[in-house]
Amino acid sequence: MKNLFLTNKKSAKKEYKKIIKQTAKAISRTFSDSSAYSGPTPQELKDTIRGISMLPETGLGWEQVLAQTEEKILPNMLRTSSPDYMPHLHSPATLESIASELIISTFNQSMDSWDQAPVATEIEVEVIRQLCQLYGYPKKSDGVFTSGGSQSNQTAIILARDWFITNIMNYDVKKHGLPENFRKLRMYTSEISHFSMEKSAHILGLGYESVVKVPVDSRKRIDFAALERLVEEDVAAGNIPFLAVATIGTTDFGSIDPVDKIARLCKKHNMWLHADAAYGSGVVLSQKYADKVASLHKCDSITVDFHKMFLLPISCSAVLVKNGADFDALTIHADYLNREEDEEDGYTNLVDKSLQTTRRFDALKVWMSFQARGKDGWSKIITSSMENARSLYSIIKQNENFELITEPEISSVVFRYKAEDDTLSDDINRKVRRALLHEHGIVIGQTVSNGHVCLKFTLLNPLMTHQKLEALVTLIQTIASNN
């Protein structure tokens, strides 16, 4: 049991530094070329991993485990820092944020009570306060870190439901549960919004039928006229609209819903307005494009994801709420954790605002990375990704072999190779993605638009260049023409 943890002993410190150094060297050796993936198929990876005992009778020791990991696992990891990796809203991680992960893991703070994370709690409180300022929220606003966009969205939907039932329907939902007419509750979201909307409705007992999916326009933004009509029809039918969701950067297209119009509609019908800005929240740091998200302060809650455009390690998200008092919906006291007398004496227990109890000190990643890069550095990072999307759009637009789906709003470009007929085109586009993945180490996305298979570049990496984008389009055309 010697040197089991990092302690004040010299031998423990020496062992800690040795293990961290050896790990860093092993990881660095894996970056032997610029590709995003080494190419194995699912079956090849199964064959590599099968037969390795996870729990041997006798421990192998650190050196042997690291050697085995370097041989069989590290070479097959996706290298998200490569410009050749662009399939999803899954970013590379900045070096300083990787260092912050080491601090987070080493000290292993739990963010539920102050006595488990003293300075970590105060850092998260301050990070949330400054984030609320960044998005234009008033002093009474608040927020909490979450595991990701899905949990941030779910938290916001819970707060919206409880706010509406308590304040508009005059019913104590926290004490009594859902009212008898809960089946009439309706929430409105784009037909291409994140699946966490339906999942949250199911978890909350409202069911998929409570989620009204609104058509989108040619720019893949929510059709406001359709939204207005659907709300009015539900009111006339005796249903109860309680929430509208504006997507600020749809998963596939990066499209931005019209917040100003939706906010006016919500005010008219006493509805909560949530902004799912998991993707588009990063645009606020671009000096050139920040106006695209200038209306976020009109929303009652905002989902912010830092493991997308902000380039921080998974997981790192937050939900911000314009009126911090709305978090009361999640507060319940336990004598062993968040005692009321402690809070009266100034000890903040963040579990009062969170769906999670045990939770990581993810706020440190934001704190350190924002300080390290500053406004100027982050503006360059975010702006470059958005400019790359515009460059790719221009390149593809000039090539008659491709069809673009919509002009990019943020940093995603969706397009398809055109063949003699749509069925053949769908097949070729599928084959292109697989060929890039397994033969060239290039990972791009695939989605469907208007019933047809499309390719997708999600450009989050500021190391991408316009020249590389041109070369990738040429490679795609070559692969497609050979199929």
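Helices are DSSP runs of H or I at least four residues long, strands are runs of E at least two residues long, and each kind is numbered from the N terminus. On that naming, Asn170 sits in the loop between α6 (149-168) and α7 (173-176). The model is predicted.

**Helix α12 against helix α14**
- Helix α12 spans residues 363-397, and helix α14 spans residues 466-481.
- Their axes lie 10 Å apart and meet at an angle of about 40°.
- The crossing of α12 and α14 is right-handed.
- On the α12 side, the contact uses Glu387, Asn388, Ser391, Leu392, Ile395 and Ile396.
- On the α14 side, the partners are His466, Leu469, Glu470 and Val473.
- By class, the residues of the contact of α12 with α14 are 5 nonpolar, 3 polar and 2 charged.

**Helix α13 against helix α14**
- Helix α13 covers residues 422-439 and packs on α14 at an angle of about 120°.
- The axes of α13 and α14 are 9 Å apart.
- Roughly perpendicular ends at 115 degrees and roughly antiparallel needs over 145, so α13 and α14 are oblique to each other.
- α13 crosses α14 in a right-handed sense.
- Ile428, Val432, Ala435 and Leu436 of α13 touch Leu475, Ile476, Ile479 and Ala480 of α14.
- The residues of the contact of α13 with α14 comprise 8 nonpolar, no polar and no charged.

**Positive phi in residues other than glycine**
- Asn170 is not a glycine, yet its phi is positive, at about 55°.
- Asn170 has 66% relative accessibility, and over 50% is the cut-off for exposed, so Asn170 counts as exposed.
- Lys220 also has a positive phi, near 65°, and is not a glycine.
- Lys220 lies in the loop between β4 (211-214) and α9 (224-236).
- Lys220 has a relative accessible area of 10%, and therefore is buried.

**A cis peptide bond**
- The bond from Ile314 to Ser315 is cis, and its omega is near 0°.
- Ser315 belongs to the loop between β7 and β8 (317-321).

**Ser301 in strand β7**
- Ser301 is part of strand β7, residues 301-305.
- Its relative accessibility is 0%, so Ser301 counts as buried.
- Beyond neighbours within four places in sequence, Ser301 contacts Tyr137, Ala156, Trp272, Leu273, His274, Ala275, Leu320 and Val321.

**Met386 in helix α12**
- Met386 is located in helix α12.
- Its relative accessibility is 0%, so Met386 counts as buried.
- With neighbours within four places in sequence set aside, Met386 touches Val283, Tyr289, Lys292, Met309, Glu409, Ile410 and Ser411.
- Met386 and Leu4 are 382 residues apart along the chain, and their C-alpha atoms are separated by 46 Å.

Key:
Residues are numbered from 1 along each chain as its sequence is written. This is a predicted model: local features need pLDDT of at least 70, side-chain atom pairs count only at pLDDT 80 or more; totals for chains, interfaces and linings use all residues. Side-chain values use heavy atoms; hydrogens and water are left out. Axes are lines fitted to C-alpha atoms, for helices over the stretch in contact, and angles run from 0 to 180 degrees between N-to-C directions. A crossing is left-handed if the near helix is turned anticlockwise from the far one by less than a right angle, and right-handed if clockwise. Contact means heavy atoms within 4.5 Å. Ala, Val, Leu, Ile, Met, Phe, Trp, Tyr, Cys and Pro count as nonpolar, Asp, Glu, Lys and Arg as charged, and the others, Gly among them, as polar. Angles under 35 degrees count as roughly parallel, over 145 as roughly antiparallel, 65 to 115 as roughly perpendicular and the rest as oblique. Buried means under 20% relative accessible area, exposed over 50%, partly exposed in between (1.4 Å probe, protein chains only).
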